[in-house]
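Reader: I've got a model open and would like to go through it with you, one question at a time. Shall we start?

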Amino acid sequence: MDMSKSKKLEIRGQRKGFLFLYCLMTSVFCLLSLQLEDVFASQEILKTSKVKIGEKVLLTDLIKGLHEEGKAIVLVLLSNPMQCTNCDSVVDFIEGEAKRYKDDVAFIVKGGQDMLGAMDEETVTLKRLYGFVTMGEPWTFVIDKEGVLQKIFIGRFTGKELEDIFPISVPAEIKEFILTVREGEINLNGNKAMVWTYNGTVPGPEIRVREGDTVKIKLVNESGAKHGLFFHGLSVNPRVALQEQEIVVEPGYEYTYGEFIAKPAGTHLYHCSWNMAEHLSRGLYGAFIVEAKDEQKFDKEFVYILSDWSSKVSKGEEHYGAGHPRTMLDNDITTINERVITGDNPIIMDSREGEKIRIRLANIGHLPHTLRFPGGFLITHEDGYIISVTQERESLTIYPGKRYDIVVTATKPGRWPFYHSIVMPGGMEERLTGVEFPEKTHEGHRHESPEVSTGDSPGKFNDDHEGHTRELVKEVPILVMSVTGGGAK
Ligand SMILES: [Cu+2]
């Protein structure tokens, strides 16, 4: 007997105790249950299946439909939830597996009984046709495109075991990118700021790959200073983690980071890893988007990186000029992607009535950026991870380094602004600087641009924080969703 088998038996041994208690309560089927439990230890149980490996399976309506669409089928039949230790974990596992496969494999989970022991008709038929024993374990039937049963798993199984039967049909791609760092200059409300750029822009070019792709990124340093590279939010392998820590590319040199597998899916960032406080303030950052294999499709998608800069020009005592604060509290200028926000130049997001729009937001700055949208939006992801309970909100404060994916619906024609402000939560400045600041309320500063209409409901201002706050940057429109009628395409 091999180890895995004895382990399984051990688990079943524990369950037997549970079953015994369960039986004491239900009395009549005690002996039968305990005997059945013993039978589980043996592969003999497979003989109770009415479908045979290597033969065509019997088709119920559900399976027939999927089979006719040319799909392979992974069918899980759950047992009575009261008695099924592995049902929950197999259901979770199947959900994960479904994401790894394209549409050509259908994953179906058919239920155990409800509280009264009843099952839906299809499940009853499936269990009758497939000869399923209702006690104890979920059964998984793996049926190929020809409708031939390839395998029956009783209880848990691994992704590798499934992949041995159905090789994953989407081969991952190798994606290579080149980021060239050069000196540049941007205009911050009339102040010239010396920056470094990736490929000539601030932020650098968006990197977009698919989950599971193999990624390599060459950093070419054509500037006069040292730079590194860091993948913020990505889960890289130990070798690349070491590259992030140890590799510094001298002026005139280049280095290729990677390879690594792009994961997890979500909105991430890349940025310089060398002397970050200065180098991020000088423009070395960009969006790194990893699309999920089962990425939900939206009518439109926008990616915005927020940052904050200082308008104060240093008097030459520093080696760099405007845009690079000596303390982050000097930061009085907001950028969204390459745009410097002045209050009358929001980015227009064109859309049509009925469209669903995803906005990927990231804050690479030093300060918390607050967005308010009176029409309301859904927060679906935080730092690349799905939020289990989608939150409906009117405002959102994005702290430095954080990323959020939000979804807005273009419910009716008009111009719908997102407002931006930088509000220091009470106590944060003191914590950052050790200096006490006079308390102010934000209400006196609030204004709205007359050109844009506001939403129906007045949003609660910055409801994230309690207590005294100080507004560093006044609330102004930063984005406008411009909706034309006529319905989604
Ligand atoms: Cu750098």
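Reader: Where does Glu295 sit?
Author: This is a predicted model, so to speak of local features a pLDDT of at least 70 is needed, side-chain atom pairs count only at pLDDT 80 or more, and totals for chains, interfaces and linings use all residues. Residues are numbered from 1 along each chain as its sequence is written, and side-chain values use heavy atoms, with hydrogens and water left out. Helices (H or I, at least four residues) and strands (E, at least two) are DSSP runs, numbered from the N terminus. With that in hand, the place of Glu295 is the loop between strand 12 (285-291) and strand 13.

Reader: Is Glu295 buried or exposed?
Author: The cut-offs first: buried means under 20% relative accessible area, exposed over 50%, and partly exposed in between (1.4 Å probe, protein chains only). Glu295 has a relative accessible area of 17%, so it counts as buried.

Reader: Which backbone nitrogen lies 2.5 Å from a polar atom of the Glu295 side chain?
Author: A polar contact is a pair of N or O atoms within 3.5 Å; within protein, one must be able to donate a hydrogen and the other to accept it, and residues adjacent in sequence count only if both atoms are side-chain atoms. Contact in general means heavy atoms within 4.5 Å, and leaving aside neighbours within four places in sequence, Glu295 has it with Val290, Arg358 and Arg360. The backbone nitrogen at 2.5 Å belongs to Ala292.

Reader: Arg360 has a bridge partner in strand 20; which residue is it?
Author: Two strands pair if DSSP finds at least two bridges between them. Strand 17 (residues 356-363) and strand 20 run antiparallel and are joined by seven bridges. In strand 20, the partner of Arg360 is Asp405.

Reader: And which residue of strand 20 does Glu382 stand opposite?
Author: Strand 18 (residues 369-382) is joined to strand 20 by four bridges, again antiparallel. Six of the seven residues of strand 20 (residues 403-409) are buried, so that strand is largely enclosed by the rest of the structure. The residue opposite Glu382 is Tyr404.

Reader: Why can strand 14 be called largely enclosed, and what is the bridge partner of Ser307 there?
Author: Strand 14 (residues 331-336) is largely enclosed by the rest of the structure because five of its six residues are buried. Five bridges join strand 13 (residues 300-310) to strand 14, and the two run antiparallel. Within strand 14, Ser307 has as its partner Thr335.

Reader: Which residue takes a positive phi in the hairpin of strand 14 and strand 15?
Author: Strand 14 pairs with strand 15 (residues 339-340) in the antiparallel sense, over two bridges. One of the pairs sets Ile336 against Arg339 in strand 15. The hairpin has two residues between the strands, and the one with a positive phi, near 50°, is Asn337.

Reader: On to the metal: which residues coordinate the copper ion?
Author: Donors are N, O and S atoms within 2.8 Å of the metal (3.2 Å for Na, K and Ca); water is not among the atoms, so sites may look incomplete. In sequence the donor residues are spaced H-x44-C-x6-H. At 2.0 Å, the copper ion is coordinated through ND1, SG and ND1 by His227, Cys272 and His279.

Reader: How many residues apart are His227 and His279?
Author: Both His227 and His279 are buried. His227 is in the loop between strand 8 (214-221) and strand 9 (230-232), whereas His279 belongs to helix 8 (residues 276-281). The pair links distant parts of the chain, the separation being 52 residues.

Reader: Strand 9 also pairs with strand 11; which residue of strand 11 does Phe230 stand opposite?
Author: Strand 9 and strand 11 (residues 266-271) run antiparallel, joined by three bridges. They are part of an open sheet of four strands in the order 7-12-11-9, with mixed pairing. Its edge strands, each pairing on one side only, are strand 7 (207-210) and strand 9. Opposite Phe230 stands His271.
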